[in-house]
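Reader: Hi! I'm new to this one, could you walk me through it?
Author: Happy to, let's have a look together.

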Amino acid sequence: MYCKATDKFREECGVFGIFGTEEASVLTTLGLHSLQHRGQEGAGIVSFDGKSFHSVRKQGLVGDNFNNKNILSQLPGKTAIGHVRYSTTGESKPENLQPLFANLAIGGFACAHNGNLTNTYSIKKKLVESGSIFQTSSDTEIILQLVARSKKKKIIDKLIDTLIQIKGAYSLVILTNKKLIGVRDPFGIRPLVLGNKNGSPVLASETCALDMIGAKYVRDIENGEIVVITESGLESIKPFKKIQERPCIFERIYFASPDSLVGNKTVYTYRKALGEQLAIENSILADVVVPIPDSGVSAAIGFSQKSKIPFELGIIRSHYVGRTFIEPSQNIRQFGVKLKHSVNRSCIENKKVILIDDSIVRGTTASKIVKMVYEAGAKEVHLGISCPPILHPDFYGIDTPNYNQLIAFKSNLQEITKLVGAKSLFFLSLSGTYKAMGCNERNSKSPQFTDHCFTGDYPIDVSEILKLNR
Ligand code: AMP
């Protein structure tokens, strides 16, 4: 049964797949390496050698586990898929690592999932009551269970049968004995791109994984599209009624790698534009603009260039610790922030400083850093955030936490300013955020993005999760 305390379903992840090439698992390892920012808790690869499937899933970083001949020799074959995973407290179980694999009546089926399903509880309850035995607490397992139980004959029809029942955000990369399959949910919330490496099709969460292996970017998988790759080529299936895509705006603000291409521009370009827009909306007299690295760097460059206030690396980030959120408890997270950032006094002492970060979630990072910067002798510390206040949690795979942990939900601007200890605090407006994305005003009837973190407008019903979290 679902256990509220330990058995959460949320995940942030990256997926990768390559079809018909020598050293498929080596290329998958490289692809996962470049997607490591999407998940650091564990990684896995499933390969197929023409006869058998092979699977290795390990907790820890890709480079620490897969950069090793012994491991890669356990993953032979010309086709492979892989997954990097990040999870919240209570989910750090090896059995939840992906790709998940099952030997179905129709043959082997491996699945790597980025995103979050929103009706897992009700489907799982029904499945368990009718005799299904679950091995993991991952929402992805219901996909395997539903495919296994589908009465349809062909694997693609079984998959469509499954997709019709699941709700939520999903970019899937699936491997069977003949096919590599990519799927993007009807809103296209999480990304998935198609590439080509010397004639071998590649699927990946972001284009940075294609660059890593020298593959060419072909196109994005469309929202609601299934691509089926076989020896005879690529087939595109669109089983859903076409709706306007709503990719998650947070991919561009925080999650994706700055060098990845989204809509013909790099993510860096969007982030810089967010910073420029923030400077247009807020003119502050200061001596230096200092990014909170790494997440605030691109926006701080934009802010500095627009405001003409010099950019300085006033905070140094250690690259030998992971992302703040990887730490499981608030106590350790606070410790983690100190481990991660130190102050470069020479740019701070006696200066009026504008700190820039991409977002505030709990407020932990901001309050620690404002304090450090004051302790280093800053005259004033202003904090600029290159997105609007996060007022609502995410349930589609970014995993910003429950309402009661979101500082902007609990407190107003004045209170947050006081809590983080800054002289002033300013957020980018929602319309400025859309402008920086190259969009007109937010279309309230059919918004261009999934921006529920700011607006509470969830395109897919989340009442089941909200009820469970209560
Ligand atoms: P917090 O310290 O809780 O306010 O978190 C804010 C910091 O975490 C910022 O530096 C963000 O770049 C980063 N961040 C924002 N959203 C996420 C997320 N979903 N997962 C991990 N880190 C995040």
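This is a predicted model: local features need pLDDT of at least 70, side-chain atom pairs count only at pLDDT 80 or more; totals for chains, interfaces and linings use all residues.

Reader: Thanks! How much space lies in the second largest cavity?
Author: About 60 Å³. Its lining is made up of Pro186, Asn223, Gly224, Lys238, Phe240, Lys241, Lys242 and Ile243.

Reader: Which classes do the residues of that lining fall into?
Author: Three are nonpolar, two polar and three charged. Here Ala, Val, Leu, Ile, Met, Phe, Trp, Tyr, Cys and Pro count as nonpolar, Asp, Glu, Lys and Arg as charged, and the others, Gly among them, as polar.

Reader: Let's switch to the ligand. Which residues come nearest?
Author: Tyr254, Asp357, Asp358, Gly363 and Thr365, out of 17 residues around the ligand (each with a heavy atom within 4 Å of it). By class, that shell has six nonpolar, six polar and five charged residues.

Reader: Which helices each supply at least two residues of the shell?
Author: Helix H8 (249–255) and helix H12 (364–375). Helices (H or I, at least four residues) and strands (E, at least two) are DSSP runs, numbered from the N terminus.

Reader: And what lies 2.5 Å from an oxygen atom of the ligand?
Author: A polar side-chain atom of Asp358 does. In the side chain of Thr365, an N or O atom is also 2.5 Å from a ligand oxygen. For Arg362, a backbone N or O atom lies 2.7 Å from an oxygen atom of the ligand.

Reader: How much of the ligand does the protein bury?
Author: The protein buries 96% of the 500 Å² that the ligand exposes when taken alone (Shrake-Rupley method, 1.4 Å probe).

Reader: New topic: why is helix H1 described as largely enclosed?
Author: Because eight of the eleven residues of H1 (residues 24–34) are buried. Buried means under 20% relative accessible area, exposed over 50%, and partly exposed in between (1.4 Å probe, protein chains only). The buried ones are Ala24, Ser25, Leu27, Thr28, Thr29, Gly31, Leu32 and Ser34.

Reader: What about Glu23, is it buried or exposed?
Author: Glu23 is exposed, with a relative accessible area of 55%. It sits in the loop between strand E1 (11–18) and H1, and its phi is near 55°, a positive value in a residue other than glycine.

Reader: Which other residue has a positive phi although it is not a glycine?
Author: Asn264, with a phi of about 70°. Its place is the loop between E14 and strand E15 (265–266), and Asn264 counts as exposed at 73% relative accessibility.

Reader: Last one: where is Pro99?
Author: Pro99 is in the loop between strand E4 (79–87) and strand E5 (100–104). Gln98 and Pro99 are joined by a cis peptide bond, with omega about 5°.

Methods
Residues are numbered from 1 along each chain as its sequence is written. Side-chain values use heavy atoms; hydrogens and water are left out. A polar contact is a pair of N or O atoms within 3.5 Å; within protein, one must be able to donate a hydrogen and the other to accept it, and residues adjacent in sequence count only if both atoms are side-chain atoms. On a 1 Å grid over the protein atoms alone, a cavity is a set of points where a 1.4 Å probe fits but cannot get out, and a pocket is an open set with protein on both sides within 12 Å along at least five of seven lines; lining residues have an atom within 4 Å of a point. Grid points are joined across faces, edges and corners, and a volume is the space filled by probe spheres set on the points.
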